[in-house]
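Thanks for coming, everyone. Please bring up the sequence and the model on your screens, and I will walk you through them.

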Amino acid sequence: MSDPERLDPSRGVIARYAARLRELRVERGLTRAEVADRVFLSYSAIAKFETGQRFPVEEAAQLLDEVLEADGKLFDLWDDIQESPDTRWAKQHYDYESRTVKFRHYTDFMPALLQTDDYLTALLRRGLPEAGGNLEAKVRYRQKRRALLEGPDQPEFHAVILEAALHWRVGDDRIMRGQLAHLLASARKPRIHLRIVAFDRVPPFDGLTNLTMATIMTLRSGQSIVYQPGIVRGTYISKPSEVAEYVSLYDSLEGWALSPEASTALIQKVLEEKYRA
């Protein structure tokens with residue numbers, strides 16, 4: 001029952017799933033052929049799952065969890081890797097976002113809810129070899145989230161964005177022009193408020209590192225929660241005293257950023273100087 005392929009689990013989330021799949025199979029004393037027979041797949045399919053060359057669909061992932069007696073933990077890892085409307089964590093996050101009346105978002109990257117189709121597709125495609133999942137499903141999920149800012153009951157969206165986000169290239173010049181133009185158009189909407197932290201205005205306090213890529217969501221109920229993305233799945237903070245610290249940090253960052261007018265001027269400047277047609 002020797003399998004010569006070895007996989008480095010640190011290579012990415014697909015590799016971690018693949019490594020855990022192989023570990024469980026070996027622990028259960030099963031060959032790849034035996035697992036393949038029990039989940040109605042080929043030996044080569046199991047081999048590719050274990051070496052990170054392929055990723056199982058949902059039905060196969062559920063069967064693998066059952067056959068390897070993983071008590072849901074292997075499927076949870078599969079679920080973590082996905083970013084589609086059907087996975088549990090994605091449903092939870094969308095539920096929070098759909099009940100949000102005010103977003104306060106700090107990021108050193110282009111806000112997910114303000115990304116164009118071309119930009120988000122290029123971004124997700126770039127990360128697919130490491131992050132895994134289905135590109136079309138990921139795109140649909142991002143589009144579904146983005147639509148929350150376009151409906152009749154759209155929430156307020158406040159974002160403080162580091163200038164680096166305007167320069168971090170995703171795709172070609174056409175994609176970047178479209179993205180920055182969309183950012184400018186979004187900034188003109190009455191319920192969207194964007195502030196840029198210019199390179200020469202980086203706040204001189206340690207709290208900045210604690211708020212990188214954080215979103216404060218104020219729900220219809222009045223409760224506020226903080227979401228911080230992680231390598232695989234993000235974390236939620238709901239303890240009022242901790243949320244208050246994030247709100248205070250966010251307010252400080254917003255005060256340190258350029259005015260809305262100066263922010264849009266900077267976006268326009270980057271668009272014209274770096275990505276002119």
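I will start with the whole chain, then take the strands, then a few single residues, and end with the cavity.

First, a caution. This is a predicted model. Keep that in mind throughout.

Now the overview. The chain has 277 residues, and 48% of them count as buried. There are 13 helices and 6 strands. The accessible surface comes to about 13700 Å². Carbon and sulfur atoms account for 51% of that surface. What about contacts along the chain? Take those between residues at least 6 apart in sequence: 70% of them join residues at least 24 apart.

On to the strands. Let us begin with β4, residues 214-219. How many of its residues are buried? The count is 6 of the 6, so β4 is largely enclosed by the rest of the structure. Look at which way the residues point. Ala 214, Ile 216 and Thr 218 go one way. Thr 215, Met 217 and Leu 219 go the other way. Both sets are buried.

Which strands pair with β4? One of its partners is β1, residues 100-107. That pairing is antiparallel, over 6 bridges. To find it on screen, pick Thr 100, whose bridge partner in β4 is Leu 219. Another partner is β5, residues 224-228. Here too the sense is antiparallel, with 4 bridges. Thr 215 stands opposite Tyr 227 in β5. β4 and β5 make a hairpin, with 4 residues between them. In that turn sits Gly 222, with a positive phi of about 100 degrees.

Now go back to β1 and look at its link to β2. These two run parallel, joined by 6 bridges. Arg 104 has His 158 as its bridge partner in β2. β2 covers residues 156-162 and is mostly covered, with 6 of its 7 residues buried. From β2 we step to β3, residues 192-197. This pairing is parallel as well, over 6 bridges.

Next, a quick look at helix α3, residues 43-50. Its buried residues are Ala 45, Ile 46, Ala 47, Phe 49 and Glu 50. Just after α3 comes Gly 52, with a positive phi of about 75 degrees.

Move to the loop between α4 (58-67) and α5 (73-81), where you will find Glu 69. Its phi is near 50 degrees, a positive value in a residue other than glycine. Is Glu 69 buried or exposed? Its relative accessibility is 53%, and the cut-off for exposed is over 50%, so Glu 69 counts as exposed. Asp 71 lies in the loop between α4 and α5 too. It is not a glycine either, yet its phi is positive, about 55 degrees. With 70% relative accessibility, Asp 71 counts as exposed.

What does it touch, beyond neighbours within four places in sequence? The contacts are Asp 108, Phe 109 and Met 110. Ala 165 and Met 110 are 55 residues apart along the chain, but their C-alpha atoms are separated by 5.5 Å.

Last stop, the cavity. How many cavities of 30 Å³ or more does a search of the whole structure find? It finds 1. The volume of the largest cavity is about 60 Å³. Its lining is made of Leu 113, Leu 114, Arg 146, Leu 149, Glu 150, His 182, Ser 186, Lys 189 and Ile 192. By class, that gives 4 nonpolar, 2 polar and 3 charged residues.

Pick out Arg 146 from that lining. Arg 146 belongs to helix α8 (residues 135-146). Is it buried or exposed? The relative accessible area is 14%, and buried means under 20%, so Arg 146 is buried. Leave aside its neighbours within four places in sequence, and its contacts are Leu 113, Gln 115, Thr 116, Asp 117 and Leu 120. One of these, Leu 113, also lines the cavity.

That is the tour. Questions, please.

Definitions and conventions. Residues are numbered from 1 along each chain as its sequence is written. This is a predicted model: local features need pLDDT of at least 70, side-chain atom pairs count only at pLDDT 80 or more; totals for chains, interfaces and linings use all residues. Side-chain values use heavy atoms; hydrogens and water are left out. On a 1 Å grid over the protein atoms alone, a cavity is a set of points where a 1.4 Å probe fits but cannot get out, and a pocket is an open set with protein on both sides within 12 Å along at least five of seven lines; lining residues have an atom within 4 Å of a point. Grid points are joined across faces, edges and corners, and a volume is the space filled by probe spheres set on the points. Ala, Val, Leu, Ile, Met, Phe, Trp, Tyr, Cys and Pro count as nonpolar, Asp, Glu, Lys and Arg as charged, and the others, Gly among them, as polar. Buried means under 20% relative accessible area, exposed over 50%, partly exposed in between (1.4 Å probe, protein chains only). Contact means heavy atoms within 4.5 Å. Accessible areas come from the Shrake-Rupley method with a 1.4 Å probe; for residues, only the protein chains shown count as cover. Two strands pair if DSSP finds at least two bridges between them.
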